[in-house]
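Here are my notes for you to read alongside the model.

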Amino acid sequence: TPHRRRRDPEDLDREASDSALSDIDRAAAAFCGPKKKPRRARASTATRAMAILAGVLAVTLAALSTASIVLYNKYNPDKFIQSVITALADGDASLTARITSEDLGELDTDSLAPLTAYFSDAAARDRLKAQLEDQVMDPSRTGDAFPALGVQKTPVVFGYCDYKLTVHSVQLLLTSSAQNLLLNLDGRPRTGEPTAEGVLYKNLVPGRYEAVVTAADATGQQVTGTQTKLELFDHAAPQAFSGALPIGDLTISGCVNDEAVISVNGIDVAQKPVDGVVKLSQVAVGSVIGMTYTAPYGAVSTASVTFSDAAVTDLAFTNVQTAGGVPDGPTTDLMLAAYYASYLNGLNQRDPAQVAGITEQMRQQLAAEFADPQHEGKVYSYLNAVCNPATLQLYSGGEHPAFWCDIAAAYAYTSSSGEGPASGNVLRYQGVEFVYLEGQGWLINRTVEITEDQFNAGDVSALQPPAAPAA
């Protein structure tokens, strides 16, 4: 039509070409089937493998990171130390899970009480913490503060280690030599093993104990020691403990005779003095030690001393009292009668050897008396001799036992000398000292002249000071 736009020759050629191609495609589709869409390029196998590996590594790293955090929290040495310190402070049952021991067996809260009792003190826990910090680095180290405590370090995985507090047993050596020893630790009786050094108590949990010891003293009476705190942490050697018993081994001087009987609190013991000194074992503080000696002549000497200070074990009998042993009046009169009868016989013979019942000292005194010219031509005969019983008294200041008395002696004489009366009686007042010699009995050791007034008054001062006792 006149209004139709005239088409460009190039457009006509393009349409013709497209139409031809369409015909060809339809023909190919009829022969080969419908035309397939073009495929996209597929990724390489190496690329896909790398992607998978990267994913696995990412998951593994995440798992390892999580495991590392878990392991660090579980096997952290600082956390282990703090858990031990906290458990000790609280004294709770969780402590048993953190402890291992090769020689104490299974430990429970009760058996660990001495350990927790000691570490209830914050300063003690601080010292333990410092020790454990060194031992987690080197478990072979022995702690200076607490040798019985250490660290067991067990490798687990990836360089991490499990830590436990090692507790070694400790020992206690009771060194007291007392008999029937019984040790109580924290109120529980313990059984020990007798050794040459004392009683050994093994397999004790380290820590602080309240110790009380009972024993028998020299008389068999039970004695209880002072309650004592013991801190046991030395694993290498037993800790010595005396028992804090109020008992001592005594050395007591001043015994008047080695045959004296010694007593403790009124109970006689078997020990005897040697050279005036007696040694007693296991005497309780507060005991009264007595000494009693009965002399062959009947005198009884007694003394006592009190063991009042456990630190002072050298004692002495200083208050010796002697009673008895002095013959009574009638007995003394008999000895005087025998003496004066033999004295006058010896005087008549001018021979002191004829005098009986005297010491050698007295014999020498009589030798001088018998030589006196006043006795020439005289013969003496015994009449009587008596003592003043009120003057009989024991004298203990000499080497031998002695007693004094005043006496009155009467005897008669006849004289053939032609000088003076041919006969007469003599009444003589004397102070007499008797001494006791072993195996000989009482002997007259010396005499001194006194007045009738002194005799009547019972005055024995003329005998003081005494002459040296006879040998």
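1. Start with Leu 245, which is buried, at a relative accessible area of 12%. (Buried means under 20% relative accessible area, exposed over 50%, and partly exposed in between, using a 1.4 Å probe and protein chains only.) You'll find Leu 245 in the loop that links β12 (239-241) to β13 (247-253). Helices (H or I, at least four residues) and strands (E, at least two) are DSSP runs, numbered from the N terminus.

2. A word on what you're looking at: this is a predicted model, where local features need pLDDT of at least 70 and side-chain atom pairs count only at pLDDT 80 or more, while totals for chains, interfaces and linings use all residues. Residues are numbered from 1 along each chain as its sequence is written, and side-chain values use heavy atoms, with hydrogens and water left out.

3. Who surrounds Leu 245? Leaving aside residues up to four places away in sequence, Leu 245 touches Ser 176, Ala 178, Leu 181, Val 213, Thr 214, Ala 215, Val 223, Thr 224 and Gly 225. Contact here means heavy atoms within 4.5 Å. Take Thr 214: it sits 31 residues from Leu 245 along the chain, yet their C-alpha atoms are separated by 7.4 Å.

4. Now follow the chain into β13, part of an open three-stranded sheet with the order β16-β13-β19 and mixed pairing. β16 (278-284) and β19 (314-316) are the edge strands, each with a single partner, so one side of each has no neighbour in the sheet. From one strand to the next, the twist averages 35°. β13 and β16 run antiparallel and are joined by five bridges; Thr 251, for instance, has Lys 279 in β16 as its bridge partner. Two strands count as paired if DSSP finds at least two bridges between them.

5. Next, try the helices α3 (residues 77-90) and α5 (residues 122-137). Their axes come within 10 Å and cross at roughly 155°. (Axes are lines fitted to C-alpha atoms, for helices over the stretch in contact, and angles run from 0 to 180 degrees between N-to-C directions.) α3 and α5 are therefore roughly antiparallel: angles under 35 degrees count as roughly parallel, over 145 as roughly antiparallel, 65 to 115 as roughly perpendicular and the rest as oblique. Residues in the contact include Phe 80 and Ile 81 of α3 and Leu 128 and Leu 132 of α5. By class, that contact has ten nonpolar, one polar and three charged residues. (Ala, Val, Leu, Ile, Met, Phe, Trp, Tyr, Cys and Pro count as nonpolar, Asp, Glu, Lys and Arg as charged, and the others, Gly among them, as polar.)

6. At what angle do α6 (residues 329-349) and α7 (residues 360-370) pack? About 45°, with their axes 11 Å apart. That makes α6 oblique to α7. Tyr 339, Tyr 343, Gly 346 and Leu 347 in α6 meet Met 362, Leu 366, Glu 369 and Phe 370 in α7.

7. Finish with β23 (residues 402-415) and β24 (residues 423-437), which run antiparallel and are joined by 13 bridges. Ala 402 stands opposite Val 435 in β24. β24 also pairs with β25 (residues 441-449), in the antiparallel sense over eight bridges, and Phe 434 has Ile 444 in β25 as its bridge partner. β24 and β25 form a hairpin with three residues between them, and Gly 439 in the turn has a positive phi of about 85°.
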